[in-house]
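This report describes a predicted model.

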Amino acid sequence: MQVPKRIASGLINALKGGVVPRTGLGYIAVGRTAEINALLHDVDIAEEGGAFFRFIVGRFGSGKSFLLQTLRQHVMDRGFAAADADLSPERRLMGTKGQGLATYRELMHNISVKAKPDGGALPLIMEKWINSVMTDLIEEGLSPDNPFFDAGVEKKIYTKICGLEDMVHGFDFAAVINTYYRAFRDGNDEKMSCVIRWLRGEYSTKTEAKQALGVNVIVSDDNWYDYIKLLTAFLVSAGYKGLVIMIDELLNIMKIPHSVTRQYNYEKILMMYNDVMQGKASHLGIIMGGTPQCVEDTRRGIFSYEALRSRLERGRFATDETHDMLAPIIRLQPLTYEELTVLTEKLTEIHAGLYNYKPKITLEDRIFFVKAEFERVGAQTNITPREMIRDYIELLNIAMQNPDKTVAQLMGEDFQFAEGENTDKADGFEDFEL
């Protein structure tokens with residue numbers, strides 16, 4: 001497996017630090033086939049004009065963020081724009097000090113498309129939209145040298161965005177888009193920058209927006225979801241398939257000390273959920289990630305809000321063994337021993353390629369590493385992929401820096417698999433064949 005060193009370095013450093021890499025996830029992806037297929041089915045629906053809303057639920061380190069970032073790459077490859085944000089004490093869905101607006105700003109800062117996968121894609125999206133309008137006119141036979149070309153472009157723009165005017169705040173949104181075209185035509189970079197600031201929700205007062213762009217509205221805590229829908233419709237008119245937003249760390253809503261503020265945030269989730277599920281949104285996908293506690297806790301979690309609990313609670317027939325991947329909540333199951341062993345193989349190859357050495361860790365060593373990790377006290381129920389990956393990368397680092405020692409020595413005298421010591425099989429390994 002040939003992995004560019006820039007990507008390999010980002011992968012190893014991020015995983016060792018316990019965070020999810022932004023790029024290169026395809027090189028280390030294992031398992032989660034059912035979950036990804038279910039979400040890609042949702043994406044198919046959004047591509048055809050529908051919408052979807054899903055919750056990804058799993059313990060810390062179980063792979064929620066990894067799954068979200070993997071899906072983010074998938075949807076961009078499919079022609080969607082993707083935007084992601086992690087909630088925090090400063091970023092919520094609603095708040096008294098602009099915390100909802102802060103989440104919107106983070107989403108816009110991170111908005112990405114295939115041609116610009118690292119975020120900050122709004123200027124590129126705007127230019128693509130204008131170029132597509134001009135290309136349509138040229139294909140219709142109107143030359144850029146024609147004195148009526150500019151008028152034709154404005155008419156075409158109006159035709160494309162007139163549908164937005166029927167949406168909430170759509171008239172002002174359409175006016176701002178027209179302002180961007182005129183600034184683009186005149187080479188007015190300052191005015192184009194003002195439009196991008198407005199789209200990102202960076203104006204703090206209506207007066208400031210009125211002076212800069214001639215509109216009386218701005219993105220705020222109360223209306224930011226309306227602008228998500230407007231932006232989605234605009235993206236479709238620009239040639240994209242739609243928009244998928246991913247909001248992680250729902251636990252930060254559960255941590256809000258004031259019950260009234262928590263309820264306001266859960267009301268926002270309910271409003272967005274109802275809007276999507278009732279067909280009021282189009283070409284839009286919303287995915288939220290959190291722990292089982294922040295969802296199922298009936299005192300402070302999402303299930304403390306009865307209207308959400310009644311919509312999201314698992315039915316009578318689904319169990320931990322028989323999963324319903326079409327339900328609103330996807331609960332992540334632990335990776336199998338085989339999947340974890342394949343993951344260690346991928347990490348070994350990437351690490352060796354990054355540091356230019358021939359790995360000496362064998363398949364038997366990797367199997368025994370996984371076995372030893374699960375033999376730790378409480379590991380069967382508490383260990384996560386994040387912990388195992390950090391341990392394994394540490395083992396790879398030490399093995400590379402101590403070539404005179406065997407892997408068995410590095411893992412400790414109690415774990416000498418190659419010499420036959422401690423070979424009792426851990427639960428679940430009885431049928432694991434080399």
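## The sheet

The model contains an open sheet of 5 strands, paired in parallel and ordered β2-β3-β4-β1-β5. Its edges are formed by β2 (81-86) and β5 (329-331), each of which pairs on one side only. From one strand to the next, the twist averages 20 degrees.

Strand β2 runs parallel to β3 (residues 243-248), and 6 bridges join the two. Within this pairing, Ala-85 stands opposite Ile-247 of β3.

## Helices on the sheet

Helix α2 (residues 33-47) packs on the sheet, where it touches β1 (51-57), β4 (284-290) and β5. The direction of α2 makes about 160 degrees with that of β1.

Helix α4 (residues 99-109) also packs on the sheet, in contact with β2 and β3. The angle between the directions of α4 and β2 is about 135 degrees.

## Aromatic pairs

Across the whole structure, a search finds 7 aromatic pairs. One of them joins Phe-53 and Phe-55, with 5.2 Å from centre to centre. Their planes are 40 degrees apart, and the pair is tilted. Phe-53 counts as buried because its relative accessibility is 3%, which is under the 20% limit. Phe-55 is likewise buried, at a relative accessible area of 1%.

Another pair is made by Phe-173 and Trp-198, whose ring centres lie 6.2 Å apart. The planes of these two rings are at 55 degrees, so the pair is classed as tilted. Phe-173 belongs to helix α7 (residues 170-186) and Trp-198 to helix α8 (residues 189-199), so the pair ties together parts that are 25 residues apart in sequence. Both Phe-173 and Trp-198 are buried.

Phe-173 and Trp-198 are also members of one aromatic cluster, together with Trp-129, Tyr-227 and Phe-234.

## Charges over rings

Two tyrosine rings are considered here. Lys-128 lies over the face of Tyr-240, at 4.0 Å from the centre of the ring. At Tyr-203, the charged end of Arg-197 sits over the ring, 4.3 Å from its centre.

Methods:
Residues are numbered from 1 along each chain as its sequence is written. This is a predicted model: local features need pLDDT of at least 70, side-chain atom pairs count only at pLDDT 80 or more; totals for chains, interfaces and linings use all residues. Side-chain values use heavy atoms; hydrogens and water are left out. Two strands pair if DSSP finds at least two bridges between them. Helices (H or I, at least four residues) and strands (E, at least two) are DSSP runs, numbered from the N terminus. Axes are lines fitted to C-alpha atoms, for helices over the stretch in contact, and angles run from 0 to 180 degrees between N-to-C directions. Contact means heavy atoms within 4.5 Å. Rings of Phe, Tyr and Trp (its six-membered ring) pair if their centres lie within 6.5 Å; planes under 30 degrees apart count as stacked, over 60 as edge-to-face and the rest as tilted. Buried means under 20% relative accessible area, exposed over 50%, partly exposed in between (1.4 Å probe, protein chains only). A charge sits over a ring if NZ of Lys or CZ of Arg is within 6 Å of the ring centre and within 35 degrees of the ring normal.
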